[in-house]
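Here's a quick briefing to keep open next to the model. Have a look at the sequence and the fold, then run through the points below.

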Amino acid sequence: MNKKNLNLIIMTVVYPGATNHVKKFVNSMNNQTNKKFNLIVVNDNNKNAAKIIDDKSNFEVRFFNSRSSRVNNRVKGLRFVIKNTKFDYIAFLDIDDYPDKNFVKSIHDFTKKNNKIKMFSTKLKMKNNFFQKKNSLILSDIINDHQVGYGTLCLRKDFTADFIFASKYKALLFDWFISLIYLLKYKFLYINYKSTIIYNSSHNTTLKKWKSLNKKNIVKIINLKKDLYSKVLKFLKDKNYKSQRNIFKKKILDMSDLSIFIKDKKRLKKYKKHLKKYIKNKKNLGWLDNAQPLYRLGL
């Protein structure tokens with residue numbers, strides 16, 4: 001790879017309910033201090049996005065239509081990029097999350113120094129809180145906690161096949177899943193700390209507000225986490241990795257124990273009380289943290 005001429009693709013997905021975010025997203029890309037990127041927009045049946053982006057953008061844009069799931073839209077878009085463009089890295093951005101002005105510059109700078117890294121994450125911020133507290137993450141950092149998202153990941157070209165392969169496991173929390181299996185193989189997930197993505201809180205109700213802290217939503221998160229850990233366990237079995245299997249088996253049991261515990265109304269009330277105490281001084285939590293293993297809460 002020629003370090004001086006990085007071919008960078010930015011990919012985002014636009015869905016019908018995201019029109020209000022498009023202008024702000026385009027403005028954030030127009031304001032980039034480094035203009036050396038191309039934008040691929042995967043349009044999931046949004047009738048207004050193409051015109052808005054064409055009218056407002058001062059950079060090259062290509063559109064690809066796909067009406068599918070969150071994961072499949074990105075996978076189809078990725079296949080389109082592989083087939084139709086030349087690139088070294090591809091960065092995913094959510095249409096309703098906005099990178100700071102040095103986002104593209106930081107990727108160019110980061111990859112010049114770390115051009116062998118196959119995947120990394122951009123620093124993620126919601127309001128005044130940062131989700132990542134370190135310059136790199138290891139497996140234990142995110143095995144319990146969701147510290148990455150689609151809009152933070154940047155892949156080197158030779159990791160795109162792994163990304164597509166991983167999608168076959170159909171993990172519901174795929175961004176978390178791909179980060180876990182990456183760490184199982186490569187040990188470290190590095191954070192590009194020279195740039196920040198502003199995480200839009202409208203789609204990530206925080207624990208501080210307690211709007212989603214009811215039994216139905218806690219059970220929903222329990223099932224999402226059980227699906228995640230089960231899919232990682234299946235991946236480990238398929239790859240014949242034996243050393244980490246017990247960790248994920250334990251995580252499945254933790255969520256099963258929580259599910260049983262909150263069936264009783266008195267225990268559910270006790271769980272909520274302990275959970276509020278647990279998160280009181282924590283800054284980097286989101287709605288998925290409504291389901292915590294009982295041992296974390298001292299129950």
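Aromatic pairs come up a lot in this predicted model: the structure holds 16 of them.

**Aromatic pairs**
- Y89 and F120 make a tilted pair, with 6.2 Å centre to centre and 55° between the planes.
- Y89 sits in strand β4 (residues 89-92) and F120 in strand β6 (residues 119-126), so this pair ties together parts that are 31 residues apart in sequence.
- Both Y89 and F120 are buried.
- F159 and Y186 have ring centres 6.3 Å apart and planes at 75°; edge-to-face calls for over 60 degrees, so this pair is edge-to-face.
- This pair also links distant parts of the chain, 27 residues apart: F159 is in the loop between β9 and α6 (160-166), and Y186 is in helix α7.

**The aromatic cluster**
- Eight names to find in the viewer: F92, F163, F165, Y169, F174, F177, F235 and Y241 form one aromatic cluster.
- F177 of α7 and F235 of α8 also turn up in the contact between those helices.

**How α7 and α8 pack**
- Two packed helices are described by the angle between their axes and the distance between the axes.
- For helix α7 (residues 174-186) and helix α8 (residues 215-238), the angle is about 35° and the axes are 10 Å apart.
- The crossing of α7 past α8 is right-handed.
- On the α7 side, the contact is made by W176, F177, L180, I181 and L184; on the α8 side, by K225, L228, K231, V232, F235 and L236.
- Sorted by class, that contact of α7 with α8 has nine nonpolar residues, two charged ones and no polar ones.

- N144 lies in the loop between α5 (139-142) and β9 (153-156).
- Is N144 buried or exposed? Its relative accessibility is 11%, and buried means under 20%, so N144 counts as buried.
- The N144 side chain makes a polar contact with the side chain of K251, at 3.0 Å.
- Leaving aside neighbours within four places in sequence, N144 is in contact with W176, K225, Y229, K251, Y295 and R296.
- Among these, W176 and K225 also belong to the contact between α7 and α8.

**P99**
- P99 is found in strand β5 (residues 98-99).
- P99 is buried, at a relative accessible area of 5%.
- The C-alpha atoms of P99 and G151 are separated by 9.2 Å, although these residues are 52 apart along the chain.

**Positive phi without glycine**
- K170 is not a glycine, yet has a positive phi of about 55°.
- K170 lies in the loop between α6 and α7, and at 60% relative accessibility K170 counts as exposed.
- K187 is not a glycine either and has a positive phi of about 75°; look for K187 in the loop between α7 and β10 (189-198).

**The whole chain**
- The chain has ten helices and ten strands.
- Out of 299 residues, 54% count as buried.
- Take the contacts between residues at least 6 apart in sequence: 78% of them join residues at least 24 apart.

Notes. Residues numbered from 1 in each chain as written. Predicted model: local features only at pLDDT ≥ 70, side-chain atom pairs only at ≥ 80, totals over all residues. Heavy atoms only, no water. Helix = DSSP H or I, 4+ residues; strand = E, 2+ residues; numbered from the N terminus. Buried < 20%, exposed > 50% of the residue type's maximum accessible area, 1.4 Å probe, protein only. Polar contact = N/O pair within 3.5 Å; in protein donor to acceptor, adjacent residues only side chain to side chain. Contact = heavy atoms within 4.5 Å. Axes fitted to C-alpha atoms, helices over the stretch in contact; angles between N-to-C directions. Left-handed = near helix turned anticlockwise from the far one by under 90°. Nonpolar A, V, L, I, M, F, W, Y, C, P; charged D, E, K, R; others polar. Phe/Tyr/Trp six-rings, centres within 6.5 Å; stacked < 30°, edge-to-face > 60°.
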